[in-house]
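Here is a short briefing on side-chain packing. It covers aromatic pairing and the nonpolar cores.

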Amino acid sequence: MKIMIFDQGDPVSRQMISKAAEVFAGAEHLEIVAAETKEMNHEIVADMLVHAVCSEKPEVLLIGSTTLGEEVSAALGVRLKTGVAAHCVDIRADADGNPIFMIPAFGGKAIGEIMVPGAGPGKPAIATVKPDVFQDTGFTGCRTISMEAPAAGNEPGGFRITDLKPAETKAADLSKARLILCGGYGLGSEESWQKLTRIAEALGGAAGCTRPVVDAGWGADEEQMIGTSGRSVKPEVYVGFGISGAAHHLCGIKDAGTIINVNQDRKAEAFAASDYIGEFDADKVLDALEKELDL
């Protein structure tokens, strides 16, 4: 069994390598190959990966679900005529050692099992994985290959990236935070969201949110979203404010330590997933916390 990891030089690559080593540990002649590059043009990267797959003939290809990874995985599925399981949250192997990709379905209310019939050496089953879904165990038994860009004048057509500027984010790193305060649309206003971010900073934690907070334009950015369309987090303590508890958000906090939710709606689904609950107006609780912290 040969597994290829597209190594984009970020933590999710190491996390996928560790997961592959864990899942396929019993496979005969297991080999894990990390194909690395610093190239950012998705068409060039897709071309490089096609050549790497044809040369190495892996049976599984794992790609981090970054902006680049999502674009490249779709292109590879077409070029290699194989299936792509997007945003998988777990990987298992069946009795014959074939990969099974676990994918959130119906807005995160169910987990579907995806297999890729006909996959094999040189026509791998492809899956994308969001950062921090898996843990980096420090596995070192991985061979690395450096992929080369096409020779000058032989680049594929289409648009070309001429410059890269890292996106600025005001968010603390959710993946490393021991405490996360998370705001939902039930906060009601940008003012309340700003209170939450100040309190999170004062407590040495990070501020997270649900998608409606970003869509409402209250000042949160997409790096702060938690759930199937955002990040998976594993803080020691998670405190939600004004969060209804949609399944696609709860998927992102399933590995949190202690879960606390504050919501004035006693029927909020978030309460069912909580260790402690507070049936209060979230904004008033934030006011009390600001007063207590003298902010």
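The count of aromatic pairs in this predicted model comes to 1. Tyr 185 and Trp 218 make up that pair, and their rings are stacked.

**The aromatic pair**
- The ring centres of Tyr 185 and Trp 218 lie 5.5 Å apart, with 5 degrees between the planes.
- The pair links distant parts of the chain, 33 residues apart.
- Tyr 185 sits in the loop between β10 (179-183) and α4 (190-202).
- Trp 218 sits in the loop between α5 (211-215) and β12 (237-241).
- Tyr 185 counts as exposed because its relative accessibility is 54%, over the 50% cut-off.
- Trp 218 counts as buried because its relative accessibility is 9%, under the 20% cut-off.

**The largest nonpolar core**
- The largest nonpolar core holds 26 residues.
- Ile 3, Ile 5, Ile 32, Leu 62, Cys 88, Ile 91 and Phe 101 have the most contacts inside this core.
- At least two residues of this core come from each of β1 (2-7), α1 (11-23), β2 (31-36), β3 (60-64), β4 (84-88), β6 (99-105) and β8 (125-129).
- The element that gives the most to this core is α1, with 6 residues.

- Another core, of 20 residues, lies apart from the largest one.
- Its members include Ala 35, Ile 44, Leu 61 and Ile 145.

**Around Ile 3**
- Not counting residues up to four places away in sequence, Ile 3 touches Ala 20, Phe 24, Leu 30, Glu 31, Ile 32, Val 33, Pro 58, Val 60 and Leu 62.
- Ile 32 and Leu 62, both touched by Ile 3, are also among the residues with the most contacts inside the largest core.

Definitions and conventions: Residues numbered from 1 in each chain as written. Predicted model: local features only at pLDDT ≥ 70, side-chain atom pairs only at ≥ 80, totals over all residues. Heavy atoms only, no water. Core = buried A, V, L, I, M, F, W, Y, C linked by side-chain atoms within 4.5 Å. Buried < 20%, exposed > 50% of the residue type's maximum accessible area, 1.4 Å probe, protein only. Helix = DSSP H or I, 4+ residues; strand = E, 2+ residues; numbered from the N terminus. Contact = heavy atoms within 4.5 Å. Phe/Tyr/Trp six-rings, centres within 6.5 Å; stacked < 30°, edge-to-face > 60°.
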